[in-house]
Amino acid sequence: MNSKYTAERTTMPLGTAVIVGAGPGLGLAIARTFAEAGHPVAMLARDRARLDAHAAQLAATGQDVRGYVADAADPAGLRAALHRAITELGAPDVLVYNAGVRRADAPLGGGDQHWTDVTAVNVLGARVAADVVLPELRDGRGSLLFTGGGYALHPSKEYASLSVGKAALRAYVQVLHNQLAGTGVHATSVTITNDIGGGEARFDPAVLARAYLELHHQPEAEWQHELMRY
């Protein structure tokens, strides 16, 4: 573990890391990374059994790691789960919005409800999560981090809704970053341009998760609205 993070862990308790979209790949790696750095961790996802299994895996970190069932496509349910997590685990230091829907679809055709649901997860859920977590940040300072994707830069007609969603998320994070400038809150997106866990070391979930922790500890003078991972 980086000595900088170890030193911080031993001198003061850290705030909660809230992970929305705690799936078995990147989400779990992010949860583990923040737990090992000394943060209590709230993991939000739809599958209770999987959440319980992930929390059991991370028990060895010695931190309080809990799962909260929530569907990012349901704004009211997501708000309720976030409030519960913060009440139980304490004020957050960081939000990581890692939820998204990757589903093959086309720009035309298909059902309207599909686009409504996908857009709710890819874009609206990010806004809801930021809206809840921002006023709860410990001492009014912290990080709001969002997982983006390469389709925001190079849209695909085979993944139309994901392309539109990631482009919208990227724009949202940029305007959020601009609005929060000078407030002590770091809002940025991590734009991952290749398949996570596809065999390249720099796209290994553990390597990517470390980038989120490093962003959280980044000096304010270096804050940008986006971190690119090519």
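Residues are numbered from 1 along each chain as its sequence is written, and side-chain values use heavy atoms, with hydrogens and water left out. Because the model is predicted, local features need pLDDT of at least 70 and side-chain atom pairs count only at pLDDT 80 or more, while totals for chains, interfaces and linings use all residues. Seven strands form an open sheet, the structure holds one cavity of 30 Å³ or more, and the largest pocket holds about 1,200 Å³ of space.

**Sheet and packed helices**

- The strand order of the open sheet is β3-β2-β1-β4-β5-β6-β7, with parallel pairing; strands (E, at least two residues) and helices (H or I, at least four residues) are DSSP runs numbered from the N terminus, and two strands pair if DSSP finds at least two bridges between them.
- From one strand to the next, the twist averages 15°; angles run from 0 to 180 degrees between N-to-C directions, and axes are lines fitted to C-alpha atoms, for helices over the stretch in contact.
- Strand β2 (residues 41–45) pairs with β3 in the parallel sense over five bridges, and Leu 44 has Tyr 68 in β3 as its bridge partner.
- Helix α3 (residues 48–57) packs on the sheet and touches β2 and β3, its direction making about 175° with that of β3; contact means heavy atoms within 4.5 Å.
- Helix α6 also packs on the sheet, where it touches β5, β6 and β7, and its direction makes about 160° with that of β5.

**Largest cavity**

- The largest cavity contains about 30 Å³ of space. On a 1 Å grid over the protein atoms alone, a cavity is a set of points where a 1.4 Å probe fits but cannot get out, and lining residues have an atom within 4 Å of a point. Grid points are joined across faces, edges and corners, and a volume is the space filled by probe spheres set on the points.
- Its lining consists of Gly 148, Gly 149, Ala 152, Lys 166, Leu 169, Arg 170, Ser 189 and Thr 191.
- At least two lining residues come from each of β5 (142–149), α6 (160–180) and β6 (185–192), and α6 gives the most, with three.
- The lining comprises two nonpolar, four polar and two charged residues.

**Largest pocket**

- A pocket is an open set of points with protein on both sides within 12 Å along at least five of seven lines.
- The largest pocket is lined by 39 residues, of which Asn 98, Ala 99, Gly 100, Val 101 and Arg 102 lie nearest its centre.
- Each of α2, β2, α5 (112–133), β5 and α6 supplies at least two lining residues, and α5 gives the most, with four.

**Two helix residues**

- Thr 87 lies in helix α4 (residues 75–89) and is exposed, with a relative accessible area of 68%; exposed means over 50%, buried under 20%, and partly exposed in between (1.4 Å probe, protein chains only).
- The C-alpha atoms of Thr 87 and Glu 136 are separated by 9.9 Å, the two residues being 49 residues apart along the chain.
- Glu 36 belongs to helix α2 (residues 26–36) and counts as partly exposed, at 37% relative accessibility.
- Between the C-alpha atoms of Glu 36 and Ala 187, 151 residues apart along the chain, the separation is 22 Å.

Definitions and conventions. Ala, Val, Leu, Ile, Met, Phe, Trp, Tyr, Cys and Pro count as nonpolar, Asp, Glu, Lys and Arg as charged, and the others, Gly among them, as polar.
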